[in-house]
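Reader: Please guide me through this structure by questions and answers, one topic at a time.

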Amino acid sequence: MHHVVLERWSRRSSALHRADPRAKIAILVVFLVVLATAHRDVALFAAGSAVLLCGASVWARLPLAAVVMRAAVVLPFSLAFAAVCWMAGDAQRGLQLAAKSYLSALAVLLLVSTTALPRLLRGLESLGAPRFLLMVAQFLYRYLFVTSEEAQHMAKAAQSRGATAAGMAKRQARFRAAAGALAVLFARSYGRAGEIHRAMAARGFQGHFETLTPLRFRSIDALIAVTGSLAPVALRLAIERLS
Amino acid sequence: MHIPDGYLSTGVWATLDAAAVPAVVVMARQAQRRFDDARVPLLGVMGAFVFAAQMINFPAGLGTSAHLLGGALLAVTLGAPAATVVMTAIIAIQALVFQDGGILVLGPNILNMAVIGVWAGYLPFRLAGSGRWRNLAIFAGGAASVLVSAICALAELKLSGLPDKALGVSSVVFLISAPIEGAITLAVVKALEAIRPGFVRQPEPGRRLNASLLAAGMASIFLAAVGVLYSSPAPDGIEQTGLISGLAARVKVLVSTPFSGYEAAFLSGTWSRKAAAGLAGLAIIYLVCLMIGRLARKRSV
């Protein structure tokens, strides 16, 4: 599954993995803004920043081919949109949209596959994001796969009881069965939340997470942040000057 | 309905990012009042539930299947503010972990689905959720949550100058999926009530909307409307805003001094102006939010 790979990648070790999440977030935002505002010579800039991103993922010791493939999850939507744009007679715009959305996804993927999610959320918190929201996100991520697995088990169990499309003649019956399954899943999730809360309260949870290693913004992080954000800007300037 | 990065013009995403922040902060505050820090697990697990609900398929006719999107269901079970917080967390995790929806466009996506969509799903229930139109209200809430967020997303894409034809195709998809979401929401609510009636909240008629909530909502809408209208005649027009362009000019001078040889390239290219404006805008938004956060924290202590 997607998350397992990301978890594995984000726990590797490289200079980029060790960098402070805030530095990486800053680079990502600068890159995304530069990419989003590019209007002239988009193809050249896209090629250049693709090289930059690939270089960064090699530097982070990530499997390049797998990263490039994984970022392609945005392409089905983007290419469909590009096809419609092409039919509407604006092929170039469609291609630009596809390239921009792909490269943005690649950049985000680079951030999350070099930063474990708890560290990333901690970085966001120290940048001022509301803590309540981040805690909800952290719990969501923690139980995302537990609950998804449960849902898959329920779907499989229903199938093995004969709840296939052909097995249930009436669509209404299938609809009601699916609604019942969701309601059971809802009730179980609700119950699980209660158990989690009691278990955490028993261990002395005060309403916020403590960390073992606080974030420290070292001078190397500042260096990474500055060079990393200057790279796309310099690339853009070079292209602007050459053309 | 998740807009990826690169689709919206700078004016549109920057404005909506700015508008989303106060909306989400107010909602988080409202939700925190009912679900104190110690009950945060419930909201997180319910977010995980919405993710997992995608695994269970509903027959949608013509051999296709659909799945729950969840905004309206969360609104009638947890209440609208908490539902907004959960949906915001879902959208953030989708953007970060699954590359579903962009980062710069988090604001527009959150406004469309977590704020406007959730409230559109909640309002029918709140207005008619206790009378004999209850079933209809729940159905309408589910349908409205999809339809209204789709309309917002399409409007933002249109303002960014995407061709109408591309938008027409998507709007047909949304028109079909809206009643399906309504039907799924209603069916799940009915099943939940059969399991345990306490899960579904009773709407509280007669209670007036909180004044600060109303003010923040109006401010958000106003911000969004002004920004979007301002930037719509010429996409990427946000740098024309006096304050931001002034700052951008200053930023440009600061940045371009070391590259004095490149100054011509800097000044002639509209790109640098736009990027500087975008970054300066983001910096301003960020600082203002940080200041508001500090002030709010001080007051609450």
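Predicted model: local features only at pLDDT ≥ 70, side-chain atom pairs only at ≥ 80, totals over all residues.

Reader: Is Met27(B) buried or exposed?

Author: Met27(B) lies in helix H1 of chain B; helices (H or I, at least four residues) and strands (E, at least two) are DSSP runs, numbered from the N terminus. A residue is buried if 20 or more other C-beta atoms lie within 10 Å of its own, exposed if 12 or fewer, and partly exposed in between, with C-beta atoms placed from the backbone. Since Met27(B) has 28 C-beta neighbours inside 10 Å, it counts as buried.

Reader: Which residues do totals for chains, interfaces and linings use?

Author: Residues are numbered from 1 along each chain as its sequence is written, while chains are lettered from A and ligands numbered from 1 in the order in which they are written.

Reader: With which residues is Met27(B) in contact, leaving aside its neighbours within four places in sequence?

Author: Two residues are in contact if their C-beta atoms, placed from the backbone, lie within 7 Å. Leaving aside neighbours within four places in sequence, the contacts of Met27(B) are Pro81(B), Thr84(B), Val85(B) and Val115(B).

Reader: How many of the residues of H4(B) are buried?

Author: The expected span of a helix is 1.5 Å times one less than its number of residues. H4(B) is largely enclosed by the rest of the structure, because the buried residues among its 18 number 17.

Reader: What share of the residues in chain B is buried?

Author: Chain B has 11 helices and 2 strands, and along the sequence they follow the pattern α-α-β-β-α-α-α-α-α-α-α-α-α. Of its contacts with a separation of 6 or more, 76% join residues 24 or more positions apart. Among the 301 residues in chain B, the buried share is 54%.

Reader: Which element gives the largest share of the side of chain B that touches chain A?

Author: The contact takes 68 residues from chain B and 78 residues from chain A. Elements giving two or more residues to the side of chain B include helix H1 (10-34), strand S1 (58-59) and helix H11 (270-300). The largest share of that side, 13 residues, comes from H2(B).

Reader: Which residues of chain A does Ala48(B) touch?

Author: Ala48(B) lies in helix H2 (residues 40-53) of chain B. It is buried because 29 other C-beta atoms lie within 10 Å. Not counting residues up to four places away in sequence, Ala48(B) touches Leu140(A), Tyr143(A), Leu144(A), Thr147(A) and Ser189(A).

Reader: Which residues touch the most other members of the largest nonpolar core?

Author: A nonpolar core is a set of buried Ala, Val, Leu, Ile, Met, Phe, Trp, Tyr and Cys residues joined through C-beta atoms within 7 Å. Leu182(A) is in contact with Ala53(B), Ile56(B), Leu68(B) and Val188(B), apart from neighbours within four places in sequence. Of the 161 residues in the largest core, those touching the most other members are Val136(A), Leu140(A), Leu182(A), Val86(B) and Val188(B).

Reader: How many residues of H3(A) are buried?

Author: Helix H3 (residues 21-37) of chain A should span 24 Å over its 17 residues, and its end C-alpha atoms are 24 Å apart, which agrees. H3(A) is largely enclosed by the rest of the structure, because its buried residues, out of 17, number 14.

Reader: What distance separates the centres of domain 1 and domain 2 of chain A?

Author: The assignment for chain A gives domain 1 (2-125 + 214-242) and domain 2 (129-202); such bounds come from an automatic or database domain assignment. In contact are 6 residues of domain 1 of chain A and 7 residues of domain 2 of chain A. Taken over C-alpha atoms, the centres of the two domains of chain A are separated by 33 Å.
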